[in-house]
Amino acid sequence: MIIKHFFICQTPFQLTYADLIIESISQNNLSNHKFFLYHSGLKILNTNNQVKYLNYKSKKKLEIISLISAFQNFKVELKSNRNNQSYVYFSHIGGLFSNYIFYSKKPGDNIDLCLFYEGVLSFYDFRERFNLSHLKRIILATILGFFYRYNPVICPYDSNKITKIFTPFPHYTKGDSKKIFEKKSLSCFLKIFLQVPINCLTI
């Protein structure tokens, strides 16, 4: 049985924490696990040969082409694994990929949706006002073939669709305590604070 893990990262902070989760899974050398990481043109400092990295904002070609290519890969890899278990990890549902999978997932799908730590967003009920970024996402989603749903509550920790919540601070993180899993390491947070500008630590 092939188990696939899909990580959606929009900031260096998310990328660093995703690396920590991947490391904790891959250290067991399980050959039936496959990892995919979709990112918004982030600088990959330490590549993992077990992970397939897909940049949906590549500067080497038109952004829309990169986006379509990565999104189609996301859909194909999920569909091809529908008879096995898949996990999709994201910090919030404001982005295109996470918005798509959160609202398209149906009961009975072999897909677990997991939230992972995104700074203070994990600690309180943040509400995002509608802005031009949402309008752009609605247009891009239409091109990609799905309906983008704006929701001011972008961290759905209390949704039945969310099966796991990964955080270094379980006592402060919002959500059902049965779903919360602690993932932290000193080296991870040294990477975050040494390599990531302060303005990247929030959404």
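## Basis of the report

Because the model is predicted, local features need pLDDT of at least 70 and side-chain atom pairs count only at pLDDT 80 or more, whereas totals for chains, interfaces and linings use all residues. Residues are numbered from 1 along each chain as its sequence is written, and side-chain values use heavy atoms, with hydrogens and water left out.

Helices (H or I, at least four residues) and strands (E, at least two) are DSSP runs, numbered from the N terminus. A residue is called buried under 20% relative accessible area, exposed over 50%, and partly exposed in between (1.4 Å probe, protein chains only).

## Helix α4

Helix α4 comprises the 13 residues 132–144. The expected span of a helix is 1.5 Å times one less than its number of residues. For α4 this gives 18 Å, and the end C-alpha atoms are 18 Å apart, so the two values agree.

Five residues of α4 are buried: His134, Arg137, Leu140, Ala141 and Leu144. They lie on the same side of α4 because they cover an arc of only 125° around the axis, the arc being that of the directions from the helix axis to the C-beta atoms. An α-helix has 3.6 residues a turn, so residues three or four places apart point the same way. On the other side of α4, Leu132 and Thr142 are exposed. The cover over the buried residues of α4 includes α2 (63–80) and α3 (96–104), where contact means heavy atoms within 4.5 Å.

Both ends of α4 have a local feature to note. At the start of the helix, a side-chain oxygen of Asn131 comes to within 2.8 Å of the backbone nitrogen of Ser133. Just after the helix, Gly145 has a positive phi of about 95°.

## His134 in its surroundings

How accessible is His134, one of the residues of α4? Its relative accessibility is 1%, so His134 counts as buried. Apart from neighbours within four places in sequence, His134 is in contact with Glu128, Arg129, Tyr148 and Tyr150.

## Salt bridges

Side chains of opposite charge can pair when their charged atoms come close. A salt bridge is here a side-chain nitrogen of Lys or Arg within 4 Å of a carboxyl oxygen of Asp or Glu. By this rule the model has four salt bridges, and some of them are described below.

Glu77 pairs with Lys4, with the closest N and O atoms 2.5 Å apart. This pair links distant parts of the chain, since Glu77 belongs to helix α2 and Lys4 to strand β1 (residues 3–9), 73 residues apart. Both Glu77 and Lys4 are buried. Lys136 forms a salt bridge with Glu63, the closest N and O atoms being 4.0 Å apart. Lys136 lies in α4 and Glu63 in α2, so this pair also ties together parts that are 73 residues apart in sequence. Lys136 is partly exposed, with a relative accessible area of 44%, and Glu63 is partly exposed at 37% relative accessibility.

Asp125 forms a salt bridge with Lys174, the closest N and O atoms being 3.6 Å apart. Asp125 is in the loop between β5 (111–116) and α4, and Lys174 is in the loop between β6 (162–167) and β7 (180–182), 49 residues apart. Asp125 has 47% relative accessibility and so counts as partly exposed; Lys174, at 29%, is also partly exposed.

## Cysteines

A disulfide is a covalent bond between the sulfur atoms of two cysteines. With the cut-off that the pair of cysteine sulfur atoms be within 2.5 Å, the count is zero disulfides. Cys114 is buried at 0% relative accessibility, and Cys155 is buried at 12%.

Ala18 lies in helix α1 (residues 12–26) and is buried, with 0% relative accessibility. Not counting residues up to four places away in sequence, Ala18 touches Phe7, Cys9, Leu37 and Phe116. The C-alpha atoms of Ala18 and Tyr89 are separated by 8.2 Å, although these residues are 71 residues apart along the chain.

Ser86 belongs to strand β4 (residues 86–90) and is buried at 1% relative accessibility. Its side chain is joined to that of Asn81 by a polar contact of 2.9 Å. A polar contact is a pair of N or O atoms within 3.5 Å; within protein, one must be able to donate a hydrogen and the other to accept it, and residues adjacent in sequence count only if both atoms are side-chain atoms. Beyond residues up to four places away in sequence, Ser86 touches several residues, including Lys4, Phe6, Leu78 and Asp112.
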